[in-house]
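Here are some notes for a colleague who is opening this structure for the first time. They go point by point, from the overall layout to a few individual residues.

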Amino acid sequence: MAIRKLLRLTAVCSILLIMAACSSSDDEVTATRNGRVLSGDTPIADALVTLYAAGEERRSGAVMLGTGQTDANGYFKISYTPKGHKR
């Protein structure tokens, strides 16, 4: 009986994993921005960097696209879906 429950649970988990893998769309676009945060010549470590898209009209709000954290040398990487593409 315990084996049947284990097999059933394994089957359900497998189906959920397959559904999750199939749900991603080829239409999605991912972009990446890299950079470095410095104060003079000194790298800034552990800083939160936020990337925004400017508003489309004057005085319209900016839209946050993504965030990243700087490493010990001040380098960061932000992966995001560009504004106007599926998310």
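**Notes on the fold and its core**

1. Reading from the N terminus, the elements of the chain follow the order α-β-β-β-β-β-β, that is, one helix and six strands. Please keep in mind throughout that this is a predicted model, and that what follows describes the model as it stands.

2. On confidence, the average pLDDT of the chain is 76, and 62% of the residues score at least 70. Over residues 11–17 the pLDDT is below 50, and this stretch has zero contacts in the model beyond near neighbours in sequence. Residues 19–23 also have pLDDT under 50, and for them the model shows zero contacts beyond four places in sequence.

3. Turning to the chain as a whole, buried residues account for 17% of its 87 residues. The chain exposes about 7200 Å², of which carbon and sulfur atoms supply 55%.

4. Which residues form the largest nonpolar core? This core has seven residues, namely A31, V49, A53, L65, F76, I78 and Y80. The elements that contribute two or more residues to it are β4 (48–53) and β6 (75–80), and the largest share, three residues, comes from β6.

5. I78, one of the core residues, shows what this part of the model brings together. Leaving aside neighbours within four places in sequence, I78 is in contact with A31, T32 and R33, with V49 and L51, and with G66, T67 and G68.

6. V49, another member of that core, lies in strand β4. Is V49 buried or exposed? Its relative accessibility is 14%, and because buried means under 20%, V49 counts as buried. Not counting residues up to four places away in sequence, V49 touches V37, G66, T67, G68, T70, F76 and I78. As for G66, its C-alpha atom is separated by 8.5 Å from that of V49, although the two residues are 17 apart along the chain.

7. T70, which is among the residues that V49 touches, deserves a point of its own. T70 lies in the loop between β5 (63–69) and β6, and at 2% relative accessibility T70 counts as buried. Beyond residues up to four places away in sequence, T70 touches V37, I44, A45, D46, A47, V49, Y75 and F76.

8. Where do polar atoms of the side chain of T70 meet the backbone? The backbone nitrogen of D46 lies 2.9 Å from a polar atom of that side chain, and the backbone nitrogen of A47 lies 2.7 Å from a polar atom of the side chain of T70.

9. D46 itself is found in the loop between β3 (42–43) and β4, and the phi of D46 is near 60°, a positive value in a residue other than glycine. Its relative accessibility is 59%, and because exposed means over 50%, D46 counts as exposed. The contact between T70 and D46 therefore pairs a residue that counts as buried, T70, with one that counts as exposed, D46.

Key
Residues are numbered from 1 along each chain as its sequence is written. This is a predicted model: local features need pLDDT of at least 70, side-chain atom pairs count only at pLDDT 80 or more; totals for chains, interfaces and linings use all residues. Side-chain values use heavy atoms; hydrogens and water are left out. Helices (H or I, at least four residues) and strands (E, at least two) are DSSP runs, numbered from the N terminus. Buried means under 20% relative accessible area, exposed over 50%, partly exposed in between (1.4 Å probe, protein chains only). Accessible areas come from the Shrake-Rupley method with a 1.4 Å probe; for residues, only the protein chains shown count as cover. A nonpolar core is a set of buried Ala, Val, Leu, Ile, Met, Phe, Trp, Tyr and Cys residues joined through side-chain atoms within 4.5 Å. Contact means heavy atoms within 4.5 Å. A polar contact is a pair of N or O atoms within 3.5 Å; within protein, one must be able to donate a hydrogen and the other to accept it, and residues adjacent in sequence count only if both atoms are side-chain atoms. pLDDT is the predictor's confidence in each residue, from 0 to 100.
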